[in-house]
Amino acid sequence: MVEDTAEFVEDGYVSEKAPPASQAFSGLLLLVCAAVALGWANSPWQESYHAVLHATVAGWSAQHVINDGLMAVFFLLVGLEIKHEIQDGALSSLRQAALPVVGAAGGMLLPALIYSAVAFGTPAAPGWGIPMATDIAFALGIVALLGDRVPAPLRIFLAALAIADDIGAVIVIAIFYTPSVVTLALAAIIAIMGGLLVLNRRQVDTVWPYLVGGLLLWIAVYKSGVHASIAGVLLAFTIPSRGAHSVQERIEEAFSKPVNLGIVPLFAVANAGVTLPSDIASFATQPAVTATMLGLLIGKPLGIFGAAWLAVKVKFAELPPACTWSSLFGVSVLGGIGFTMALFIASLAFGESVQLDAAKVGVLTGSLLTGIIGALLLARNAKSTTAPTSGH
């Protein structure tokens with residue numbers, strides 16, 4: 001039930017201010033890295049691409065280091081952003097959170113249902129969680145490129161929606177993509193979390209104890225059988241966020257650029273490369289390809305828009321000011337960009353298999369199409385709303 005966007009926070013992803021150029025740059029960087037990976041994996045040097053990913057670092061493959069190690073830092077920032085929006089931002093009250101949270105719920109449920117219907121009874125069935133989350137960097141990167149043609153309330157809606165379905169994606173990963181849990185390691189997680197929360201309660205405002213605790217937490221989560229990246233989200237909720245120049249602010253300042261300009265692009269290079277077979281037409285009809293693509297291209301936009309429309313019609317939420325249904329649909333289409341989290345869940349669902357490559361193709365195709373269509377719809381809507389009307 002949004003009435004005045006000035007009441008929203010002015011920092012983080014959710015902001016009334018015009019998006020900074022860095023948002024557009026980070027989105028373009030991800031696109032370039034994905035293109036580089038895809039081109040490299042299908043070039044005469046494709047063997048070197050796979051050799052680099054499987055090169056060992058302290059007994060781990062380079063891809064394992066990126067996906068299980070470095071991405072925990074990405075999830076730490078995701079967790080901090082979620083925490084910020086729940087405490088002080090666009091998810092801090094029912095009035096503010098109603099529309100994006102309902103939209104996020106619809107945008108997670110319908111893609112999962114479409115994927116499951118298409119992939120039912122096939123080896124691709126475990127990937128139902130792949131098309132559920134919106135890639136905030138890509139989506140807001142496109143919005144930043146469109147500039148003031150996308151009103152502030154729509155940017156706020158899209159960012160809050162992406163953060164809300166990040167929460168859902170983290171829950172899905174923890175519950176459905178964790179094969180087994182080691183009880184002793186789980187006890188260690190609880191003990192370490194307890195220690196970190198004690199530091200928080202005692203208002204310890206030095207960064208290093210939380211980082212050391214975070215490293216121990218990562219080891220415990222890794223040993224538990226839960227994916228190690230979840231350690232980043234758990235750590236985020238123990239970090240002090242109140243007061244001038246809080247621990248949270250200092251961590252965000254220290255890690256935002258390395259994550260947005262280093263870790264996430266590196267993840268894109270390591271995970272977007274798919275060596276396509278000669279018979280691409282046959283490959284494109286595999287269930288993992290079509291289910292993922294349809295989940296992102298049809299399920300996400302219709303799920304987000306349909307749930308938001310219903311919430312407004314039953315007066316549970318209100319359409320943001322200065323927004324039309326057509327502009328909200330354009331933003332809902334951008335919600336189908338699922339790049340980072342979708343590729344991450346695909347790797348958990350399928351490991352190293354043909355299904356993983358098929359799912360990656362579905363993610364890349366679906367995300368590219370929704371990005372293009374969403375941008376065109378928003379640009380067209382902005383042009384139609386600003387066109388002068390002729391008098392008679």
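**Contacts and pairs in a predicted helical model**

Tyr-49 is buried, with a relative accessible area of 1%. Buried here means under 20% relative accessible area, exposed means over 50%, and partly exposed is in between, with a 1.4 Å probe and protein chains only. The model is predicted, so before going on, here are the ground rules. Local features need pLDDT of at least 70 and side-chain atom pairs count only at pLDDT 80 or more, while totals for chains, interfaces and linings use all residues. Residues are numbered from 1 along each chain as its sequence is written, and side-chain values use heavy atoms, with hydrogens and water left out.

Back to Tyr-49, and its partner. The ring search, run over the whole structure, gives twelve aromatic pairs. The rings of Trp-40 and Tyr-49 form an edge-to-face pair, because their centres are 5.2 Å apart and their planes stand at 70 degrees. Rings of Phe, Tyr and Trp, taking the six-membered ring of Trp, pair if their centres lie within 6.5 Å; planes under 30 degrees apart count as stacked, over 60 as edge-to-face, and the rest as tilted.

Trp-40 sits in helix α1, residues 21-41. Helices are DSSP runs of H or I with at least four residues, strands are runs of E with at least two, and both are numbered from the N terminus. With a relative accessible area of 28%, Trp-40 is partly exposed. Setting aside residues up to four places away in sequence, Trp-40 touches Trp-45, Gln-46, Ser-48, Tyr-49 and Val-52; contact means heavy atoms within 4.5 Å.

Thr-340 is in helix α14, residues 339-350, and is buried at a relative accessible area of 4%. Beyond its neighbours within four places in sequence, Thr-340 is in contact with Leu-30, Met-71, Phe-74, Asp-135, Val-264 and Phe-267.

Next, the charged pairs. Side chains of opposite charge can pair when their charged atoms come close. A salt bridge is a side-chain nitrogen of Lys or Arg within 4 Å of a carboxyl oxygen of Asp or Glu. That rule gives two of them.

One is between Lys-300 and Asp-165, with 3.0 Å from N to O. It joins distant parts of the chain, 135 residues apart: Lys-300 is in helix α12, residues 287-313, and Asp-165 in helix α6, residues 152-176. Where do the two side chains sit, buried or exposed? Lys-300 is buried at 0%, and Asp-165 is buried at 0% as well.

The other is between Arg-242 and Asp-88, at 2.9 Å, N to O. Here the partners lie in loops, 154 residues apart: Arg-242 between α9 (230-236) and α10 (247-271), Asp-88 between α3 (62-87) and α4 (94-119). Arg-242 counts as exposed, at 53% relative accessibility, and Asp-88 as partly exposed, at 35%.

Now helix packing. Two packed helices are described by the angle between their axes and the distance between the axes. The axes of helix α5, residues 136-146, and α6 come within 10 Å and cross at roughly 175 degrees. That makes α5 roughly antiparallel to α6. Axes are lines fitted to C-alpha atoms, for helices over the stretch in contact, and angles run from 0 to 180 degrees between N-to-C directions. Angles under 35 degrees count as roughly parallel, over 145 as roughly antiparallel, 65 to 115 as roughly perpendicular, and the rest as oblique.

Which residues of α5 and α6 make the contact? From α5 they are Ile-136, Ala-139, Leu-140 and Val-143, and from α6 Arg-155, Leu-158, Ala-159, Ala-162 and Ile-163. By class, that is eight nonpolar, no polar and one charged. Ala, Val, Leu, Ile, Met, Phe, Trp, Tyr, Cys and Pro count as nonpolar, Asp, Glu, Lys and Arg as charged, and the others, Gly among them, as polar.

Last, backbone angles. Gln-203 has a positive phi, near 60 degrees, and is not a glycine. Gln-203 is in the loop between α7 (183-201) and α8 (207-224) and is exposed at 68%. Lys-315, also not a glycine, has a positive phi near 65 degrees. Lys-315 is in the loop between α12 and α13 (325-334), and is exposed at 70%.
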